[in-house]
Amino acid sequence: MMGSTLNWYLGRKFLTAIFGAFALCSVLIFMIDFVELLRQAGKYGSVPAWKLAWMTALRLPAYTEFLLAFAVQVGAISTLLFLSRKSELAVMRAGGMSAWQFLRPGIVLAFFLGIFATTLYNPIAAGARDHAEQMFAEAFGREANLLRSKSGESWLRQNGVDGQSVLTSAQASNQGLKLTIVTALLYDNDGQFIERIDAQTAELREGYWKLSDAWVAAPGREPTKHDTYLLSTYLTPERVQDALGTVISVSFWDLPGLIEVAEKADLSASKLHIQYESLLSRPLLCIAMVLLAATVSLRSFRSGGIQTMVITGMVGGLGFFLLAEVSRQIGVAGLVPPWAAVWLPILLVSLVSLTVLLHQEDG
């Protein structure tokens with residue numbers, strides 16, 4: 001009974017500290033994003049402050065879900081330092097508890113926080129961001145989630161009277177309403193490939209894309225040239241939805257289906273794979289942050305050097321996040337498999353942290 005009570009006590013301490021760090025970061029992000037929306041309102045049109053605040057609140061979950069690992073690290077460091085300063089860790093050690101025993105509640109909590117963030121918080125964040133983008137478009141008279149108007153491949157999935165299709169282009173302009181160097185792959189309602197269309201440009205009209213200087217190729221037929229070719233779509237100039245351009249608005253549960261569509265269309269799905277693996281690895285990432293925090297937080301206050309150890313831990317955490325981002329970009333570029341780009345940095349920091357803890361505790 002005493003062991004169970006102690007585990008609950010430690011779990012509450014970890015949860016309180018993690019939630020506090022997460023809430024503080026969320027407030028800062030809310031203020032920064034709210035100021036940015038105020039700037040947008042001053043530039044593109046007057047919007048009530050309450051509406052801007054609501055849009056900011058809807059966008060906040062999508063921004064803050066990436067802070068969970070950082071919040072877990074900061075919360076774990078804070079909890080262990082608090083317990084050490086109050087000599088509670090010393091009492092636990094005197095009672096025969098090892099570091100692994102009083103770290104167990106934090107590790108278990110981090111694991112379940114990771115599962116919660118992946119399976120529940122991420123879908124909520126994706127849905128809220130999607131609603132916020134719709135409000136942004138209505139408020140400012142322009143789309144916030146169009147095909148990106150910059151160099152580099154832009155692509156989207158759509159549906160229409162002729163069936164489903166996937167469009168990819170070298171460049172999007174006019175807020176995504178005009179595409180350049182376009183390839184469209186058309187499928188019927190059963191997902192069977194019908195034809196491929198290569199066009200110089202595509203302009204979105206009411207109920208269709210107008211493709212100019214288009215070549216149409218279908219299985220068993222010779223390619224034919226068309227000065228103008230119409231591709232049906234349910235999209236409208238007022239509401240273009242970028243289905244695959246940004247992964248932040250895609251729910252964890254929707255990612256496998258989008259990956260399947262992208263691969264069926266023979267398009268690069270590396271970003272989607274990376275996002276999916278990142279969400280799958282989040283529980284292990286949270287555990288790794290607890291282990292990393294423990295390597296710099298278990299020293300007694302009487303031995304001194306606490307500030308140096310904490311700074312070392314924070315720098316190590318930032319270094320890990322930098323390494324993880326570099327690895328992620330390598331995975332997006334297709335140089336390594338997505339699973340390796342995401343999981344290997346997490347496994348590396350976990351093994352290094354375990355090695356340091358074993359050396360500290362067992363010599």
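**Reading helices, strands and salt bridges**

Modeller: Ala 69, Phe 70, Gln 73, Val 74, Ile 77 and Leu 81 in helix H3 meet Ile 306, Val 310, Gly 313, Met 314, Gly 317 and Phe 321 in helix H9. The model is predicted: local features need pLDDT of at least 70 and side-chain atom pairs count only at pLDDT 80 or more, while totals for chains, interfaces and linings use all residues. Residues are numbered from 1 along each chain as its sequence is written, and side-chain values use heavy atoms, with hydrogens and water left out.

Biologist: What do the labels of helices and strands stand for?

Modeller: They are DSSP runs numbered from the N terminus: helices are H or I runs of at least four residues, and strands are E runs of at least two. Helix H3 spans residues 68-85, and helix H9 spans residues 306-332.

Biologist: At what angle do H3 and H9 pack?

Modeller: Two packed helices are described by the angle between their axes and the distance between the axes. Axes are lines fitted to C-alpha atoms, for helices over the stretch in contact, and angles run from 0 to 180 degrees between N-to-C directions. For H3 and H9 the angle is about 165 degrees, and the axes are 11 Å apart. H3 is therefore roughly antiparallel to H9; angles under 35 degrees count as roughly parallel, over 145 as roughly antiparallel, 65 to 115 as roughly perpendicular and the rest as oblique.

Biologist: Is the crossing of H3 and H9 left-handed or right-handed?

Modeller: A crossing is left-handed if the near helix is turned anticlockwise from the far one by less than a right angle, and right-handed if clockwise. The crossing of H3 and H9 is right-handed.

Biologist: How many salt bridges does the structure hold?

Modeller: A salt bridge is a side-chain nitrogen of Lys or Arg within 4 Å of a carboxyl oxygen of Asp or Glu. The structure holds eight. One of them joins Arg 282 to Glu 65, with the closest N and O atoms 3.0 Å apart. Arg 282 lies in helix H8 (residues 282-294) and Glu 65 in the loop between helix H2 (49-64) and helix H3, so this pair ties together parts that are 217 residues apart in sequence.

Biologist: Are Arg 282 and Glu 65 buried or exposed?

Modeller: Buried means under 20% relative accessible area, exposed over 50%, and partly exposed in between (1.4 Å probe, protein chains only). Arg 282 is buried at 8%, and Glu 65 is buried at 3%.

Biologist: Which residue forms a salt bridge with Glu 325?

Modeller: Its partner is Arg 328, the closest N and O atoms being 3.0 Å apart. Both residues lie in H9, three residues apart, about one turn of the helix. Glu 325 is partly exposed at 34%, as is Arg 328 at 30%.

Biologist: How many bridges join strand S3 to strand S4?

Modeller: Two strands pair if DSSP finds at least two bridges between them. Nine bridges join S3 to S4 (residues 193-205), and the strands run antiparallel. They form a hairpin with five residues between them, and Gly 191 in the turn has a positive phi of about 85 degrees. S3 (residues 178-187) is mostly covered, with seven of its ten residues buried.

Biologist: Which residue in S4 is the bridge partner of Thr 183?

Modeller: That partner is Asp 198. Asp 198 also forms a salt bridge with Arg 196.

Note on methods:
Contact means heavy atoms within 4.5 Å.
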